[in-house]
Amino acid sequence: MISQPTSTDLRSILGRIVHPPLGEARFWVLQLSVLVIAGVHLLSDISLARADSAFPFSLPVALMIIPILYAALHYGLSGSAATAIWAVLLWLPDLLLPHDQGHPGSDLVNLALVVLVAIVVGHRIEAERLAHTHITQLNSERLAAETLYRQLFEANRSPILVLDDSGVVRDANTAATFAFGQSPVGQRAESLCEATRSLAECAGQIASLPDDRDYRIEMATLAHDNSEVTTQLIFEDVTEEVTGERRATHYARLVVQAEEDQRLRLSRELHDEPLQLFLHIARRLEGLAEMDGLPLDAATRLAEVHDLTLEAAGSLRSVTRDLRPPALDQLGLVAAISSLLSDVKENEPDLFVKLEVSGNEVRLVAPFELGVFRITQEAIHNTVRHAGATRLIVRIDFRSQSLALRISDDGCGFEPDTQDLIRSGHLGLLGMHERARLLEGGLEVASAPNSGTIVSALFPISSGSAVQAP
């Protein structure tokens with residue numbers, strides 16, 4: 001379909017009308033033919049003006065259409081308009097002849113017809129030319145854009161795949177061919193993104209390609225003029241980032257493991273030596289206080305020292321239990337958290353505590369249970385030390401492929417800004433996040449001043465995490 005000329009096109013047409021192709025020799029040949037036709041017609045009117053003459057007086061006027069059409073075809077409106085004006089000027093002498101020699105009525109009608117043909121045909125051809133020029137320009141710009149895109153596409157150092165609407169690779173740049181070890185054209189994208197199960201899950205995933213590098217996959221959808229929709233998968237090289245993150249995770253895991261090993265060693269040493277020594281001293285003091293003939297004042301003092309010794313032994317036992325609760329290794333996560341809450345209830349009688357367990361309770365591997373316990377322990381200690389709460393509820397939900405943890409209180413709350421907590425020296429929340437990340441889970445803290453605090457965490461459970469039923 002030919003587009004209609006715009007106002008800019010009409011201005012261009014008018015500009016061309018007043019600038020006919022005067023430098024074209026063929027244009028002057030057309031004007032000469034018009035002059036000949038006009039001259040022949042004038043001579044015929046003068047010499048053959050008889051009523052019974054068989055000469056067709058309107059024929060020369062009709063012949064004017066031929067050069068005008070030719071001018072329109074070759075020069076557009078500028079050529080046909082200039083030729084029509086020239087024809088009218090050359091016809092003026094014929095119109096001034098006496099009525100017995102000329103035919104002004106029929107000539108005027110014929111000239112009007114000629115001028116109309118010149119304008120209509122010339123304008124139409126001019127519009128066709130402008131439309132053709134416009135289309136040619138658009139095609140040139142499109143080809144230039146496609147060429148530039150192709151150059152950028154091929155020169156891009158990131159692997160790029162272009163997929164059709166069915167998810168099949170239609171095009172790939174040089175970097176993609178190198179990264180995949182062969183041209184991926186014709187393959188389905190899902191088979192290339194091993195970290196995902198469907199194309200929709202590709203975006204944002206990290207994939208390891210055959211070139212032994214890690215890439216983050218970005219996805220963009222492109223709509224074309226012909227209603228075709230294509231998808232681009234752009235692979236951003238994040239090898240250094242992933243390697244650094246793996247190193248940091250490995251280092252954090254080693255730090256946590258070293259901390260737990262140190263806690264276990266201290267717990268055993270405190271239990272095996274200082275705690276047993278305190279208990280031995282308490283028994284000796286008890287025996288001394290019961291000796292015959294001991295003054296009452298001395299017996300009373302020995303009893304006081306005996307009680308203080310037992311109190312110190314109890315405190316030391318609590319410390320060893322916090323360092324490494326025996327129930328965690330012996331009975332599992334739920335029992336260890338239940339024991340922890342019992343200690344909290346004993347030390348904080350005004351605090352209502354409750355443990356809720358749902359799902360099919362199973363024993364999990366030791367590092368997993370230890371990590372979840374430490375997160376719960378830190379959250380409970382934060383509530384006891386800082387929240388001023390009256391209610392503390394811990395909920396554990398065993399699911400088929402995950403474990404959900406929720407610790408909530410009705411305390412004073414706070415603004416859970418990690419950076420502010422770090423600057424203020426409170427690293428417990430950061431440690432909880434880090435432990436959750438090491439367990440490949442996620443942790444969220446929802447709190448506000450005077451609105452309590454909710455710590456929610458979700459940890460995936462693999463087939464090898466569950467070791468036995470309780």
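Phe180, Tyr215 and Phe235 form one aromatic cluster in this predicted model. Rings of Phe, Tyr and Trp (its six-membered ring) are paired if their centres lie within 6.5 Å; planes under 30 degrees apart count as stacked, over 60 as edge-to-face and the rest as tilted. By this rule there are four aromatic pairs. The ring centres of Tyr215 and Phe235 are 6.4 Å apart and the planes stand at 85°, so this pair is edge-to-face. The pair links distant parts of the chain, with Tyr215 in strand S4 (residues 214-223) and Phe235 in strand S5 (residues 229-237), 20 residues apart. Helices (H or I, at least four residues) and strands (E, at least two) are DSSP runs, numbered from the N terminus.

Tyr215 is buried, with a relative accessible area of 5%, and Phe235 is buried at 0%. Here buried means under 20% relative accessible area, exposed over 50%, and partly exposed in between (1.4 Å probe, protein chains only). Another pair, Phe368 and Phe459, is edge-to-face because the planes lie at 80°, with ring centres 6.1 Å apart. This pair also links distant parts of the chain: Phe368 belongs to helix H13 (residues 366-387) and Phe459 to strand S11, 91 residues apart. Both Phe368 and Phe459 are buried.

Residues are numbered from 1 along each chain as its sequence is written. Local features need pLDDT of at least 70 and side-chain atom pairs count only at pLDDT 80 or more, while totals for chains, interfaces and linings use all residues; side-chain values use heavy atoms, with hydrogens and water left out.

The protein chain as a whole comprises 15 helices and twelve strands. Of its 470 residues, 35% are buried. Contact means heavy atoms within 4.5 Å. Among contacts between residues at least 6 apart in sequence, 61% join residues at least 24 apart. The accessible surface comes to about 27300 Å², and 59% of this area belongs to carbon and sulfur atoms. Accessible areas come from the Shrake-Rupley method with a 1.4 Å probe; for residues, only the protein chains shown count as cover.

On that surface, Leu32, Leu35, Val36, Val40, Ile85, Trp86, Leu89 and Leu92 make a nonpolar patch of about 710 Å². Patches consist of residues with over 30% relative accessible area and no salt bridge, like charges being joined within 9 Å and nonpolar side chains (Val, Leu, Ile, Met, Phe, Trp, Tyr) within 5 Å. A salt bridge is a side-chain nitrogen of Lys or Arg within 4 Å of a carboxyl oxygen of Asp or Glu. Helix H2 (25-47) and helix H4 (65-95) each supply at least two residues of the patch. Val36 lies in helix H2 and is partly exposed at 47% relative accessibility. Gln31 is also placed in helix H2, but is buried at 5%. Leaving aside residues up to four places away in sequence, Gln31 touches Ala82, Thr83 and Trp86.

Helix H15 (428-438) has Leu429, Met432, Arg435, Ala436 and Leu438 as its buried residues. Most residues other than glycine have a negative phi.

| Residue | Phi | Place | Relative accessible area |
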